[in-house]
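Colleague: I am new to this structure and should be grateful for a close look at one part of it. Would you please describe the seven-stranded open sheet, and then the ligand shell and the helix that contributes to that shell?

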Amino acid sequence: MKMKLFRTDLLQAGPPSDISVPHKENMMCLNESVLDPYQAIDEAFHQTMQDVRLNRYFSHVTSELKRLLVEYVGHGATKDNLLWGNGADDMLFACFLAARENDAAFAVSLAPSYFDYSTYSRAAGLGMKFIDYLSDFDFDEKEYLKVLNSPDCRLGVLCNPNNPTGHLLSAEKVLHILENTDKPVLIDETYFEFSGKTFVDRVSDFSHLIIVRSFSKSFSAAGLRFGYIVSQSQNIEEIRKTQTIFNTSIMVQAFVMTMLLNKEVFLRHTAAVVALKHKLYEEMTQIEAIKTLPSATNFLTFSAGERSSALFEHLKQHEIAIRDVGAHPLLTKHLRVSVGSPEQNRLFVDTVRRFFA
Ligand SMILES: Cc1ncc(COP(=O)(O)O)c(C=O)c1O
């Protein structure tokens, strides 16, 4: 008889869903940045590394990074309000682990949203329920609260702005949720810098609010792997218990510290991406055959109806990789393009136009 070596729920979960995207010359599929942060700050980084000893577990970099991140987060946050790890993904996973009370425990989110909420909650042994957005991407906050306040629900998850739709949630509804539950509510602000909208200023008001952020998008450092949580100190203490002690490499901390010392480079780039997004949106709305959703992020989601999958293949053949986000019924036949360089955006629009010509 074959012995079961691992958790039964993992066996039942089936194989992990690998990110399957085409690897093409123009990668406009993962909401990455075209700015290479290493090239942008390499001299300053080398300078920082002069004083860093990688043979040691501890480094002065950690306290300096905390100081700079506190300054960046603002709104009265202190170092006790912060926790960091390997990307927003790692922070989501830490929260899911911390929220998993028992086998019956689950989290609730809205759908369609970030694909990997289910992946990581499953890995943490936490169930996940989704409430569908309405057809205009508004949502029923009463229904959400009903599920959130049910006994086995241990965590509410909201993505703002939302991936893959690109829209911002109604601030009134989010506040209504916060005011009417005592369950932890995680707001995923991975794309917040593109929208300028945040709930970080409400962390001091709500003891159950957890903000998750990333350095992969606005700070251009997807491959670096750095994300962080902002929450009240008692939550940080609990969530931290799910992490390994030296979870984030000193080299990554030193790099992020150098990025924050040079944050204008990245904030300028973010502003440029937002301007390019508006331009791309304008151009896409002029193409009659596609319908493009407005977006508060660095990507645009659109549909060419029945011709979406042919368009996806056509773009692939022309070395442009975008993402098919049509898995949820509300986004059937929808595709998502990340804002690229001005040249890539031009190429994308021209290639789409030629497809319909
Ligand atoms: C909504 C959302 N949350 C989290 C993440 C993960 O970000 P990170 O690269 O920081 O792990 C992504 C990545 O695309 C995302 O879209």
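Modeller: The account below begins with the sheet and then turns to the ligand, the helix and some neighbouring loops.

Two remarks on the source come first. The model is predicted, with local features needing pLDDT of at least 70 and side-chain atom pairs counting only at pLDDT 80 or more, while totals for chains, interfaces and linings use all residues. Residues are numbered from 1 along each chain as its sequence is written.

Helices (H or I, at least four residues) and strands (E, at least two) are DSSP runs, numbered from the N terminus. Two strands are said to pair if DSSP finds at least two bridges between them. In general, strands of a sheet pair through backbone hydrogen bonds, either parallel or antiparallel.

The sheet is open, has seven strands in the order β2-β8-β7-β6-β5-β3-β4, and shows mixed pairing. Its edge strands are β2 and β4 (127-132), each of which pairs on one side only. On average, neighbouring strands of this sheet are turned by 25° against each other, direction ignored; the axes behind such angles are lines fitted to C-alpha atoms, for helices over the stretch in contact, and angles run from 0 to 180 degrees between N-to-C directions.

A residue is buried if 20 or more other C-beta atoms, placed from the backbone, lie within 10 Å of its own, exposed if 12 or fewer do, and partly exposed in between. By this criterion five of the five residues of β8 are buried. In a regular strand, side chains alternate between the two faces of the sheet. In β8 both faces are covered, with Gly227, Ile229 and Ser231 buried on one side and Tyr228 and Val230 buried on the other.

β8 pairs in the antiparallel sense with strand β2 (residues 82-85) over four bridges, and also in the antiparallel sense with strand β7 (residues 209-214) over five bridges. Ile229 of β8 is the bridge partner of Leu83 and of Val212. Strand β6 (residues 185-188), by contrast, pairs with β7 in the parallel sense over four bridges, and there Leu186 stands opposite Ile210.

The ligand is surrounded by 13 residues, the closest being Gly87, Ala88, Asp89, Ser214 and Ser216; a residue is near a molecule if its C-beta atom, placed from the backbone, lies within 6 Å of it. Helix α4 (residues 87-99) supplies the largest share of this shell, three residues. By class, the shell has four nonpolar, seven polar and two charged residues, where Ala, Val, Leu, Ile, Met, Phe, Trp, Tyr, Cys and Pro count as nonpolar, Asp, Glu, Lys and Arg as charged, and the others, Gly among them, as polar.

α4 is mostly covered, with 11 of its 13 residues buried; among them are Gly87, Ala88, Asp90 and Phe93. The expected span of a helix is 1.5 Å times one less than its number of residues. The 13 residues of α4 should therefore span 18 Å, and the end C-alpha atoms are 19 Å apart, which agrees.

His75, in the loop between α3 (60-73) and β2, has a positive phi near 55° although it is not a glycine. His75 is partly exposed because 13 other C-beta atoms lie within 10 Å. The loop between β3 (106-111) and α5 (116-124) holds Pro112, and the peptide bond from Ala111 to Pro112 is cis, with omega near 5°.
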